[in-house]
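Biologist: I have a new structure to read. Where do I begin, and how do I go from the whole chain down to one residue?

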Amino acid sequence: MKKTLLLITASLVLNATDSMETVYLKNACNSCHGMYGEGMGSNPRLQGIKEDVLLRRLKDLQQGKTRSAFGTVMISFAKSLDENQTIEMAKYLSNLTTTIAEDRYDEEYDPAGDGGS
């Protein structure tokens, strides 16, 4: 019984994470904050920020509060999240890590036309 409950709980956690990744990509958060929330240019890093800090910032945005003039664009994105999604998004972002396969260069490198001999 305990094993079944553990499997169901693990499945729910994994599905919540998958769904938050889907929401993150569907809302194009990655276009400003990076694929792994690492931040891009003047857009802040979200990856690894404490969950309670991210949750507070998302809730502030949902109330129309922002820290910068550029943050106003985030208000509509934050308001599109329901209460549960807001909590799950803060959790998702706080646990994000950059994952790049070490063999990516082998997959991406094409020696044809590189000017070498």
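**From fold to residue**

Modeller: Start with the order of elements. Along the sequence, this chain runs α-α-α-α-α-α. The model is predicted.

Biologist: How many helices and how many strands does the chain have?

Modeller: Six helices and zero strands. Next, look at burial. Of the 117 residues, 24% count as buried. The chain exposes about 8700 Å², and carbon and sulfur atoms supply 57% of that area.

Biologist: Which residues have the most contacts inside the largest nonpolar core?

Modeller: They are Tyr24, Leu54, Leu58, Met89, Tyr92 and Leu93, in a core of 18 residues. Helices α1 (2–26), α3 (51–62), α4 (72–79) and α5 each supply at least two residues of this core.

Biologist: What lies at the start of α5?

Modeller: A side-chain oxygen of Asp82 comes to within 3.1 Å of the backbone nitrogen of Asn84.

Biologist: Which residues of α5 are buried?

Modeller: First the general idea. An α-helix has 3.6 residues a turn, so residues three or four places apart point the same way. Now the case here. The buried residues of α5 are Thr86, Glu88, Met89, Ala90, Tyr92, Leu93 and Ser94.

Biologist: What does Met89 touch, leaving out residues up to four places away in sequence?

Modeller: Met20, Val23, Tyr24, Leu58 and Leu81.

Biologist: Is Thr86 buried or exposed?

Modeller: Read the relative accessible area. Under 20% means buried. Thr86 has 1%, so Thr86 is buried. Thr86 sits in helix α5 (residues 83–94).

Biologist: Which side chain makes a polar contact with that of Thr86?

Modeller: The side chain of Gln62, at 2.7 Å. Beyond its neighbours within four places in sequence, Thr86 is in contact with Leu55, Leu58, Lys59, Gln62 and Leu81.

Biologist: Now a loop residue. Where is Lys50?

Modeller: Lys50 lies in the loop between α2 (30–33) and α3. The cut-off for exposed is over 50%. Lys50 has a relative accessible area of 62%, so Lys50 is exposed.

Conventions:
Residues are numbered from 1 along each chain as its sequence is written. This is a predicted model: local features need pLDDT of at least 70, side-chain atom pairs count only at pLDDT 80 or more; totals for chains, interfaces and linings use all residues. Side-chain values use heavy atoms; hydrogens and water are left out. Helices (H or I, at least four residues) and strands (E, at least two) are DSSP runs, numbered from the N terminus. Buried means under 20% relative accessible area, exposed over 50%, partly exposed in between (1.4 Å probe, protein chains only). A polar contact is a pair of N or O atoms within 3.5 Å; within protein, one must be able to donate a hydrogen and the other to accept it, and residues adjacent in sequence count only if both atoms are side-chain atoms. Contact means heavy atoms within 4.5 Å. A nonpolar core is a set of buried Ala, Val, Leu, Ile, Met, Phe, Trp, Tyr and Cys residues joined through side-chain atoms within 4.5 Å. Accessible areas come from the Shrake-Rupley method with a 1.4 Å probe; for residues, only the protein chains shown count as cover.
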